[in-house]
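Student: I am new to this structure and would like a close look at one part of it. Please take me through the nonpolar core and what surrounds it.

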Amino acid sequence: MKRRASILSAGGCSVRKTLDALGPVSSLIILREAIYGTRRFEQFVERTHLNEATVASRLKQFVDLGILSKSRYAEPGQRARDEYLLTPRGLDL
């Protein structure tokens, strides 16, 4: 077991790098929802049971990392809002 821990702590481990980039468990939950097709902020909040500040922070992080892209949409009679889509990089993840 000690060997496994040393491998994960090594700088070249791709799993470690991925986990470091993604951050806390809440990030994995949001990523799971994006893979399942969730696109809108309100849906992420509702489906993950995370607070709005956490969801907003994680979505911004994923956009900054190139895992999600953000685009505007507007339903008739409603204000413009953002939706989040997995990028090719996010799909590869």
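Tutor: In this predicted model, the largest nonpolar core is made of twelve residues: Ile-30, Leu-31, Ala-34, Phe-44, Val-45, Leu-50, Val-55, Leu-59, Phe-62, Ile-67, Leu-68 and Tyr-84. Two or more of these residues come from each of helix 3 (25-35), helix 4 (41-48) and helix 5 (52-65).

Not counting residues up to four places away in sequence, Ile-30 touches Phe-44, Thr-48, Leu-50, Val-55, Arg-58, Leu-59 and Phe-62.

Now consider helix 3 as a whole. Its buried residues are Ser-26, Ser-27, Ile-30, Leu-31, Glu-33 and Ala-34. These lie on the same side of helix 3, because they cover an arc of only 160° around the axis. In an α-helix there are 3.6 residues a turn, so residues three or four places apart point the same way. The face of helix 3 turned away from the buried side carries Val-25 and Ile-35, which are exposed. After helix 3 comes Gly-37, with a positive phi near 105°.

Helix 3 packs against helix 5 at an angle of about 75°, and their axes are 10 Å apart. The two helices are therefore roughly perpendicular, since angles from 65 to 115 degrees count as such. In this contact, helix 3 supplies Ser-26, Ser-27, Ile-30 and Leu-31, while helix 5 supplies Thr-54, Val-55, Arg-58, Leu-59, Gln-61 and Phe-62. By type, the residues of the contact are five nonpolar, four polar and one charged.

The loop between helix 4 and helix 5 contains His-49. Although His-49 is not a glycine, its phi is positive, at about 60°. Most residues other than glycine have a negative phi. His-49 counts as exposed because its relative accessibility is 73%, and the cut-off for exposed is over 50%.

One further residue deserves a look: Glu-83, in strand 2 (residues 81-86). Is Glu-83 buried or exposed? Glu-83 has a relative accessible area of 12%, so it is buried, the limit being under 20%. Leaving aside neighbours within four places in sequence, Glu-83 is in contact with Arg-39, Arg-40, Ser-69, Lys-70, Ser-71 and Tyr-73.

Technical notes:
Residues numbered from 1 in each chain as written. Predicted model: local features only at pLDDT ≥ 70, side-chain atom pairs only at ≥ 80, totals over all residues. Heavy atoms only, no water. Core = buried A, V, L, I, M, F, W, Y, C linked by side-chain atoms within 4.5 Å. Buried < 20%, exposed > 50% of the residue type's maximum accessible area, 1.4 Å probe, protein only. Helix = DSSP H or I, 4+ residues; strand = E, 2+ residues; numbered from the N terminus. Contact = heavy atoms within 4.5 Å. Arc of directions from axis to C-beta. Axes fitted to C-alpha atoms, helices over the stretch in contact; angles between N-to-C directions. Parallel < 35°, antiparallel > 145°, perpendicular 65-115°, else oblique. Nonpolar A, V, L, I, M, F, W, Y, C, P; charged D, E, K, R; others polar.
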